[in-house]
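This report describes the fold of one chain in a structural model.

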Amino acid sequence: MSALSQEAIIEAVKSQFEGKIIAEGGHNGQSYIVIDRDDLIEISKYLKETPELKFDMLSDVTAVDHLLMEVDEIPERYAVVYQLTSFELGHRFRVKVPVPEEDTVVPSLYEVWRAASWGERETHDMYGIEFDGNPDLRRLLMPSDYDGFPLRKDYPLRGRGERDDFQQIRRGEDFDAEDQSTEEQSPHLTT
Amino acid sequence: MGIITPGSNNQPKTLTNDIPVIKGTGAEKLLENKLVTTTVDWVLKWARKNSLWPMPFGTACCAIEMMATLSGRYDLARFGAEVIRFSPRQSDLMIVSGRISIKMMSVLLKIYSQMPEPKWVISMGACASSGGVFDTYTLIQGVDQFLPVDVYIPGCPPRPESLIDAVIRIQQIIDEGHPGYLSDDARFSPEEIERAAELFTPGPATGGGCS
């Protein structure tokens, strides 16, 4: 078996899931499909387990914030993006899942690809998207007591004062070299 | 220190010019000026400034320049500061070389608090001194907001000569009588150290996620 063209991958998915593909497209020679989050696990399993496709690796999980952007195929604010790779066949593919602002929950792909664990943790850390079914959805990069999701477009670049909120350690007394004189310390010293 | 050669007019003459010597009148004269009396304060300063034990807090590219400074080509050993200690308990000069994120700042404060006093701090490079180009939510805009920095080194990254100059400056301020001690209320309480340890204890990081 050999690598499929991007068109052939889309055709294979479309023929299997008639009507469940919201949109399709491509950029720089790599295609993607847009699917609903309710169909995510089903289509992911198909992409992984079908012998002609065999996407055995989930390269990356990330997200996009479309705040103040008009995107025709994704009307919602967020989209979770999955990058797929087939080691065996050597082709790649991309899956996008729209996520509405008021309900940022997506089913976890941990049961399909174990590699989703950390990718979903990072996406949760940066965008605040919940992955239902991820067994360990703690923060990955930011401190565990951090409040906020910094890659959301409405998060201020300089943060909300987190970087200024630490204990200050100060000297016992201010030191001024010009005030110090060896004469005062010990008048009978000669140098 | 302490090597005295009798002078022609029976005055002590030292091999180094800067050692303060009390002129021999009593016991010194009896012992033919073969010993030198000075002050404990002076000896302590002399010992401290000439055997600084740096604690390298290298988090970025400045640390590469720091390694170059320590290695043979630039050879910080010439200035008595070659004994790099990776344990804060054994060091008295912290070199913050690199950008400090908000997650690392608690670690930095904890390690600094573990160093015995007296202690001094060099803030090496633009990032440690001011945040550098990283004016973002996650980066400390200068460690001197929270630590008592003694010497700043500009540069991105600074050359090893700059770091050597900073170490010499530290030696100078020690010589001038810089106390290097903290105030009582500036030290960490045991509860704060405990809390920092809880916040940054790594959990089961892989969590089965690597299969």
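## A left-handed unit and its sheet

In chain B, strand β3(B), helix α3 (residues 61–70) and strand β4(B) together form a β-α-β unit that is left-handed. The model is a predicted one.

The wider setting of this unit is as follows. Chain B contains 7 helices and 6 strands, and their order along the sequence is β-β-α-α-β-α-β-α-β-α-β-α-α. Of the 211 residues in chain B, 33% are buried. When contacts in chain B between residues at least 6 apart in sequence are considered, 74% of them join residues at least 24 apart.

Four of the strands build an open sheet in the order β3-β4-β5-β6 (chain B), and their pairing is parallel. Strands β3 (54–58) and β6 (151–153) of chain B lie at the edges with a single partner strand each, so one side of each has no neighbour in the sheet. On average, neighbouring strands of this sheet are turned by 15° against each other, direction ignored.

| Strand pair | Sense | Bridges | Residues standing opposite |
|---|---|---|---|
| β3(B) and β4(B) | parallel | 5 bridges | B:F57 and B:V96 |
| β5(B) and β6(B) | parallel | 3 bridges | B:S123 and B:Y152 |

Helix α6 (residues 160–175) of chain B packs on the sheet, where it touches β4 (93–97), β5 and β6 of chain B. The direction of helix α6(B) makes about 170° with that of β6(B).

In soluble globular proteins, nonpolar side chains tend to be buried together. The largest nonpolar core here has 38 residues, and those touching the most other members are B:L93, B:M94, B:V96, B:I122, B:M124 and B:I170. Two or more residues each are given to this core by β3, α3, β4, α4 (102–114), β5, α5 (125–130), β6 and α6 of chain B. Helix α6(B) supplies the largest share, 5 residues.

Which residues does B:V96 contact, leaving aside its neighbours within four places in sequence? They are B:F57, B:L108, B:V121, B:I122, B:S123, B:M124, B:A128 and B:V143.

Terms used:
Residues numbered from 1 in each chain as written. Chains lettered and ligands numbered in written order. Predicted model: local features only at pLDDT ≥ 70, side-chain atom pairs only at ≥ 80, totals over all residues. Buried ≥ 20, exposed ≤ 12 C-beta atoms within 10 Å, placed from the backbone. Contact = placed C-beta atoms within 7 Å. Pairing = 2+ DSSP bridges. Axes fitted to C-alpha atoms, helices over the stretch in contact; angles between N-to-C directions. Right-handed = clockwise from strand over helix to strand, strands pointing away. Core = buried A, V, L, I, M, F, W, Y, C linked by C-beta atoms within 7 Å.
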